[in-house]
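The sequence and structure come first.

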Amino acid sequence: MASVKEIGSKVELDEALRGEKPVMLHFWASWCEASKQMDQVFAHLATDFPHALFFRVEAEEQPEISETYAVSAVPYFVFCKGGKTVDTLEGANPSSLANKVAKVAGSAEFAESAAPASLGIAAAPTVIEKVQELAKENGSHPESATSDPNDTLKIRLQQLVNSHPVFLFMKGSPEQPKCGFSQKVVKILAEEGVEYGSFDILADNEVREGMKKFSNWPTFPQLFCKGELLGGCDIAVAMHESGELKDVFRDHGVSVLPKETAIAEPAKVDDSVPEKGGSFSDSTGLSDMLKSRLQSLINSSPVMVFMKGKPEEPKCGFSRKVIEILQQEKVPFESFDILSDDEVRQGLKVLSNWSSYPQLYIGGELIGGSDIALEMHKSGELKRIFAEKGIVAKETIEDRLKSLISSSTVMLFMKGTPDAPRCGFSSKVVNALRTEGVDFGFFDILSDEEVRQGLKTFSNWPTFPQLYCKGELIGGCDIILELHNSSELKSTLSE
């Protein structure tokens, strides 16, 4: 009987890919529930397709392999044939997984018969049974796949929203929130003393993406009362602090539990997530000295990343992804290499109640790992949070050069100033421009070494002066004098 084998190194994987059998890879993480569920389906498929090789890769423990296949989220599947990648799948979708396996590893007959919306005959009964099992847990029904999937999803989302007077779509569970924003809303509901239902959107990508359109709200958490969207974390916090949330619950007939039975305890499990000011729960079991050190590290920069490796040399694909996101956001940040200090590595897992790395903190608050950072980056939520926290995007040298070049229609980068040139070539270009009666701006590259060196690379022009018109490089001294002598300079600059 075929089984799923754990890949221990890239060498081992390369050896398998050199063989004739199709290779199926499941990139997973021990902290991800969706990975665990999909691994059961993956194991069943390994039994039904014994002529293919099925491998499990722990994404964070095998950074070299994860980087090779550009893995930035789990679960993630790669399908290989003849040593080449022929298909991939991101997210927890049992039906798609079974069909992709069937197309790569199955016979031509099976590959043609595999319907994208259901397993059909692409998989054996054991797989179908497992998929139906998982589908029931998520409240969906694979057998109804012939109906309009959009209508089916809308019905399912509406049923979830209406399943409790107060309902929260969040990352993780109330007992174990997977992001600081979800944790805040859970704490607020506990303080309000209301009973509520919740759904972990990290466990079901269909619900996660569907709710964004259903509610016309791009981020999570999302809080509903009697089927109506109240908003996300910021709105819930504001309503709670003003007392408006209590009024809304009262007006909608939502009963508040007596203080003796109020459900405040579940949120306390995760008070280890730092709040504003960096306070921590005493229930972590960490020494005061270690807690103080971790708090100091978290608050050492407005944006702080605990990662594997350094920004210039990340040691895992997930850490690399978060660094790329922060660089694209152009915000200043600090980092700590958890591989260099096991006390910090293990202690922060307990303190933040977040079992993996990287961990991103903004203003002392845990944002989450690479998946959450990526989603927030794509939706624009990360940019909004930076703005709210007063974290200003850092101007790069490229941004600065573009701004300087476009600061005047005709712009001259020279040595010295037009009235006091510091080299003969700059003096000649200034004279040519003045003779032609051209108005121009200038920048003395001798006054700023960063601009001087940066512009050489930016323009791919190694010398000065450099003349620009409407953001485009015209050339240096020789070209400007040639245009001037041929009476083409003014017409060139006025085009």
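Which residue forms a salt bridge with Lys 291, and how far apart are the closest N and O atoms? The partner is Asp 288, with the closest N and O atoms 3.9 Å apart. The model is a predicted one.

Asp 288 and Lys 291 both belong to helix α13 (residues 288-298). Because they are three residues apart in that helix, about one helical turn separates them.

Lys 291 has a relative accessible area of 9%, so it is buried, the cut-off being under 20%.

A search of the whole structure finds 29 salt bridges. One of them joins the side chains of Lys 212 and Glu 375, at 3.6 Å from N to O. Lys 212 is in helix α9 (residues 205-214) and Glu 375 is in helix α16, so this pair ties together parts that lie 163 residues apart in sequence. Lys 212 and Glu 375 are both buried. These two residues also belong to a network of salt bridges that links them with Lys 171, Arg 208 and Glu 209.

Another salt bridge is formed by Glu 450 and Arg 400, whose closest N and O atoms are 3.4 Å apart. This pair links distant parts of the chain, 50 residues apart: Glu 450 is in helix α20 (residues 449-459) and Arg 400 in helix α18 (residues 397-405). Glu 450 counts as partly exposed at 49% relative accessibility, and Arg 400 is partly exposed with a relative accessible area of 23%.

## Packing of α14 against α16

Helix α16 (residues 370-379), which holds Glu 375, also packs with helix α14 (residues 317-329). The angle between the two is about 25°, and their axes are 9 Å apart. Angles under 35 degrees count as roughly parallel, so α14 is roughly parallel to α16. The crossing of α14 past α16 is left-handed.

On the α14 side, the residues in this contact are Phe 318, Lys 321, Val 322, Ile 325, Gln 328 and Glu 329. They meet Ser 370, Ala 373, Leu 374 and His 377 of α16. Sorted by class, the contact of α14 with α16 comprises five nonpolar, three polar and two charged residues.

Conventions. Residues numbered from 1 in each chain as written. Predicted model: local features only at pLDDT ≥ 70, side-chain atom pairs only at ≥ 80, totals over all residues. Heavy atoms only, no water. Axes fitted to C-alpha atoms, helices over the stretch in contact; angles between N-to-C directions. Helix = DSSP H or I, 4+ residues; strand = E, 2+ residues; numbered from the N terminus. Parallel < 35°, antiparallel > 145°, perpendicular 65-115°, else oblique. Left-handed = near helix turned anticlockwise from the far one by under 90°. Contact = heavy atoms within 4.5 Å. Nonpolar A, V, L, I, M, F, W, Y, C, P; charged D, E, K, R; others polar. Salt bridge = Lys/Arg side-chain N within 4 Å of Asp/Glu carboxyl O. Buried < 20%, exposed > 50% of the residue type's maximum accessible area, 1.4 Å probe, protein only.
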